Each structure stands twice: as structure tokens, then as C-alpha cells.
Amino acid sequence: MSASQEKPKKTSEAINERVKALLARMTLTEKIGQMCQVDASAGYAPDYLGEDLRAGRIGSVLNVVDVNAVNELQRIAVEESRLGIPLLVGRDVIHGFRTIMPIPLGQAASWNPDLVAEGARVAALEAATAGINWTFAPMIDISRDARWGRIAESLGECVLLASRLAVAMVEGFQSDDPAARGAIAACAKHFAGYGAVESGRDYATTNIPETKLRNVYMRPFNAAVDAGVMSLMTSFSDLNGIPATGNEFLLRQVLRDEWKFDGFVVSDWDSIRQLQIHGLTENDRESAFEAAAAGVDMEMAGDAYNTHLGELVECGRIDINDVDVAVANILRAKFRLGLFESASTDPEALPSIGNDHALETAQQAALQSVVMLKNDNAVLPLCAEKLSSIAIIGPLSDAPYQQLGTWIFDGDTDLSITPMHAIHSLVGHDLNVRYVRAMEHSRSKVNDAFDDAVEIARDSDAAVLFLGEESILSGEAHSRADINLPGDQAELVRRIRETGKPVIAVILAGRPLTLTNIVDQVDAILYAWHPGSMGGPAIADLLFGVESPSGKLPATFPRMVGQIPIYYSQKNSGKPATRDNIVHIDDIDTRAPQTSFGMSAFHLDTHFTPLFAFGHGLSYADFAYENIRVSADQIGLGDTVTISADLVNKGDVAAEEVAQLYIRDLVGNVTRPVRELKGFKRLRLEPGQKITVDFQLHTDDLAFYGRNMQRMTEPGEFHAWVGGSSEAQLRTEFRIAAGDQ
Ligand code: GLC
């Protein structure tokens, strides 16, 4: 057979021809069926979904992970329905399927797009063994509020970092051919602005000016669409009075008219019917109308569409052409996935679950996600040869499920290796490793076992405390108003500090925590997020210097929850706080009441800076940045400027560093952030090695949306910094001259 006969060519014109031909044969019921996704998690789905499948009333199922059940559902849809249209089979494969990578916020701390892409590819291969062909990931909501439980699923606060990693995940899930074995459709979510929920309370209202929508919250989605993401999911949240699931500005003006998106849009779980709860509509029929009119192609786990869309079309309120466009978007994805050629799954034809490559990828991801926040007196790495005993203490030292983090429906805890076990394997033959859990779980206020913990710490050369949050304390609907360490953990730290021994804190959490109440009581902090299946070996290798920490913070760590929202790319305000125009509440001179102190943007009861800045992360090496220079002091619109600096490893160990480039546009058509990340490179340097780090910046990289929503790069002055965090001080300048593009 010729190649063209072997397999229809998956070029868009060929696919669009097939879509058109199929659409022409479909009844209204069958068209609406494609727009309906049903939950298949209860019982044996083929039994209770069979009739609707044969009638062509279902286009997609979610939450079935038994490959035999999935194959039977596909068989019924393909062989026993009139048109034989295969199903999209969706699942939340957010950061792994059986083998679990660090939570996305942790993966973001690696600042390593290639590694993040490989993690997504491994997840897709494992999910595909269950017949899953669509994941509801990546979650790319810019998140600047650590109270919000879903910051755990996000890629952090920064537009560039989140955009680069969003593209990496899309490419990892979908590969370059979504029809390839083990590739699955990705879904960028939640469009848009969900991360700005008021007070960090999940599902709450968002109010985002259009310039901020376009310059911040939409940017990662634009990047994902440009990368070919096959679907988007609408957000639950109310955006400026119009919930995203009924928001025509988002789904038609931006997504279709401006970005030319040709994938499909799925609602969030029952979010169409929630339009009535929001108060946008008076009943499900009107909710179906608003969502269809706005451009939601598929309804997830609700029945507004299958109940009301037919009559809305028949009475002319919804144009059949709009239904045809929605169905075409869905069918196009099914053709691109190759489902019409083969919809059944043979797990044996795919790599085995939890194979060596999967586990190695998970370990590398965990290793590069851990951020060393502090390391006083170089207490780390621990040198097994110089120690005789260590105390392992805390509720998260041996918690195989908790270390996986949120959104791990299918994670296999049998694959988890905990820090306790990994430390024993690594140094147990040389060191006396003593262990006291001390707390039943992270929220516990029972401190009966603290004495035992103090005793083993006192009898050891160093104490390693495994603290943080259980996985249930972050993720969807799990926001916290107080983001200190839960339970009595701070008291445990205080007690262990009293022993006078070196104290290392390893923190597993789903968000930046406020650590102010313990930061001075520990000598070192390794922040491991929820590190996934191989978190243990990664943490052990870092504790004992087999590897050096190389993670960098993807989100700012506040001193106090009252500072939120706090993020590096903030605006300057008209009265910025500086180190010399603030007064601390304890220093107010009550003898001479002052009606006005620094008159600047600060809080009386905490310093205006964060506890740890975006991009911060220490190493066992000693990295220094020198000799920053720019290829030209002045460039024209359309030109490229190169900003370079020398990076030196002055330490005595080889290690990786993430060099970062920040810029500031000093004057703008709208005010611009005081810093914006515009480049980053992860580089490995041997002891004593010096390399030049070059960052190319095209003037288009400096574009933003101005007051009239036009995208522009303006002439003017720019500052540029290169360094190891958003607090880099090594600075140069350049300007863009006015003139022709
Ligand atoms: C949820 C989430 C969404 C998820 C979907 C399916 O409520 O908001 O992120 O993909 O339901 O589980």
C-alpha cells in the first residue's frame, strides 16, 4: 500500500477535509453528543454508558483508568454507534500518572524546560497504558498568592518562567505528533486569571484590568496556544463580573479572533451550570446558552448541553453553525490523535509503568527542584565520614503518600522512596541513623513525643527535621489563611534548637510557607515542595553532598501572610519603600508622635522585602557574577541586543546554577514592573571555571500591551541585571532609540 493509503496524512488540510465530511453526516443529536463529556468513574462504565454511546450522545469520558473498561467504551463507540466516532478519554495527569514527579510548582523550581518536558512525556506514556488520550494539564495560572491551594499545581508567579514551562509540558504530553504512541492531548488551564482569586480563597472572584490580563495572566496561555496545545479549560472563576465559562471576550475575541486557536475549549467540572450560582443566569437553559454563545465547545460532567442545546438550536437562539464549529474543533483533535485509525490500547505495546527511565526522570526532577534557602556556616552538606550519628525527626520524613503532593489520583505509593529510607540506604552503614516521627501528621498539636525527639537530637551530631504540609493542605479547594507551618511544628523546632546541635530543616509543602517563626532557629533549609516518588533519594543525595542544590524559587516567600500579594515584578508605586524611609512598629518614638513616617509603600510591622526572593536558591558551589556588558548602548526597534556577564564558580565543588536576566523598562505607556525576567540558563561549572553567559534580547521581547490594548515596544531607557536571583545587583543599561522599525 502507498504511504498515503497506509495512514491518512495528518496535515491540517487533510484533517479538515475529513472533519467536514464527517460533520455533514451528523444529526443534531450526534453533534451535541460530541460536546458532552461524562464522568465514567462509577462502577463498570460500559454498562451504564453503553446506551448513550450507541446513540452517539457522548463525545468524551473522564475518570476511567481501567484499560479494559476504556477499550470496551471505545469499542462500543466505534463499532456500535451509527458513525463510529471514538472517544476522548480524559484524566488529571498533572505531574505524573503512576510515577509521580514533583508538584508543578516544584518542577518550576528546576527552571529546566527540557527536564519538565521529559517529566510530561513520561507521564503521558504511563497514562496511555490505561487508554487515557487527554490530560487536563498543564495548569498555567500565574499564582502570586500562597494562600491559594492551587499554587501547588501552578508554575509560579513569573510570566516568562511559566510560559516557557507551559510550552515544555505541552510538548512533553503531545510530542511532535499527537498520534504517536504514548502521546496524549494537553489542556492548558484554567483560562483565565484564576490565580488572582480574592484573598487566595479558591473559586472566589477575580477582578483583573485588561492590561494586566494581557500582560500577565494570558501570556502563558498565548504561549501554549502558539505551541499547539490541543485544548483549553475555562476557569471556575468570575472574571470582572462575567465568569470565564460564559466569557465571550476570553473565548472568542482573544482565543479565536486574536490568537487563531484551532483546538477545543472544555468547561471545568459542571462550570456551565454554575453560571446560575454565580448569578449570571436564571437556569440551566440560560447557562447552556451563555456558554455555547461564549464559545465553550465541550461540557465537562454536567448536563446543560445535552438537555438544552438542541432546543436552543431549534428555536434559533444558538446558530447551528456555532455548533458545527464547536464539533469541528473536537473532531479535529480526535483526528490529530489518530483515534479514527486506532482507538484501542495495548498496554504491552507501551513502556512498563515505573520503569528505570521514569524513576530516573522523577529523581532528576526532584533533585533539581529542591531549593536551598539558607546554609549558615556551611552546615550542609553533611559529611558522613565526619559524623557518627544523625537524628531524623518529623512527620514528613517517612510519608510515601504525602510526599507525592496534590492531584495524584493514580500515584503508586509503592514507587515512593521516602527520605528516611533513602538516608538509611545512602549512609546507614556508616552512620547511626536515629529516627523519631515526633508528630502523627503535620497538623498535630500533640507533642508527647517531643521529648524523645529532643533526646535523639541531643545524642546525635546533627538533627534533620522533616517538616511542612501534608498533601491535603494544598490543591483545589484547600486554601489557607495562615501559611505558617501547621500544628506544633514550630514548637518542635524550638525544642530541637535548644539542644545546641546543628539543625537542618527539610520542608515538604505545596506552597511557599511563612517561615519567619523558624528561620532563625535552623542552620539550613532545603525546600523540597512535594517532591514526588523519588523525593527521598534526591533529598538524601543533597543532604550528604552527592549532588548540590540547584533549584531557584518560582514564587516569592513572604515574611508574613499580610504581605500577600507580594511578587518580584511589582510596580514601583509613586512612593516606593526603601531601606531608609521605613519605620518599624517597635521603633516608633511615642514621645514625639509623628503623623507621618516614611510615607512610603511599607507595613509598620514587617520589612517590605520578602523573606526569600523569586529566583533565590543557594548552592554548595560559590557562584559569582562579574563584568556585565551590553553589545550596544543604543539599538533601534527591531534590533537585538546581547547582554553578557561572566559567571565564576569560586567554590570547590562542581554544581549547576541558573543564571537569570532581568530588565526594567523605566518609562512606559502604562507603568512597567520594577523587574521582569527576560532570560534564564541552567549551567554546570567545575570548581574555578569561568564562563560568559550571553542573553540575546530582541526589542519584541520587551513588548507589552499599552493603555489602548495595543501591543508595543517603546523607545526609551532600560536597565538590565544578570545574577542568581531577582535581587541581582550587577547592572547595565541600554536604550531603544526612536525611529523606524
Ligand atoms: C476540577 C478542576 C480541574 C480538573 C477537573 C477534572 O474541578 O478545577 O482543574 O481538571 O475538575 O478533574
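Predicted model: local features only at pLDDT ≥ 70, side-chain atom pairs only at ≥ 80, totals over all residues.
Two residues are in contact when heavy atoms of theirs lie within 4.5 Å.

- Ser-416 is found in the loop that runs between the strand β12 (389–393) and the helix α17 (419–427).
- Because its relative accessibility is 12%, and buried means under 20%, Ser-416 counts as a buried residue.
- When the neighbours within four places in sequence are left aside, the residues in contact with Ser-416 are Pro-400, Gln-403, Leu-404 and Ser-533.
- With Pro-400 there is also a polar contact, in which a polar atom of the Ser-416 side chain lies 2.9 Å from the backbone oxygen of Pro-400.

**The residues around the ligand**

**Polar contacts and burial of the ligand**

- In the side chain of Asp-92, an N or O atom lies 2.5 Å from an oxygen atom of the ligand.
- For Asp-268, the distance between a side-chain N or O atom and an oxygen atom of the ligand is 2.6 Å.
- The side chain of His-190 likewise has an N or O atom that lies 2.7 Å from an oxygen atom of the ligand.
- The ligand taken alone exposes 310 Å², and of that area the protein buries 94%.

Terms used:
Residues numbered from 1 in each chain as written. Heavy atoms only, no water. Helix = DSSP H or I, 4+ residues; strand = E, 2+ residues; numbered from the N terminus. Buried < 20%, exposed > 50% of the residue type's maximum accessible area, 1.4 Å probe, protein only. Polar contact = N/O pair within 3.5 Å; in protein donor to acceptor, adjacent residues only side chain to side chain. Areas by Shrake-Rupley, 256 points an atom, 1.4 Å probe, with all protein chains shown as cover.
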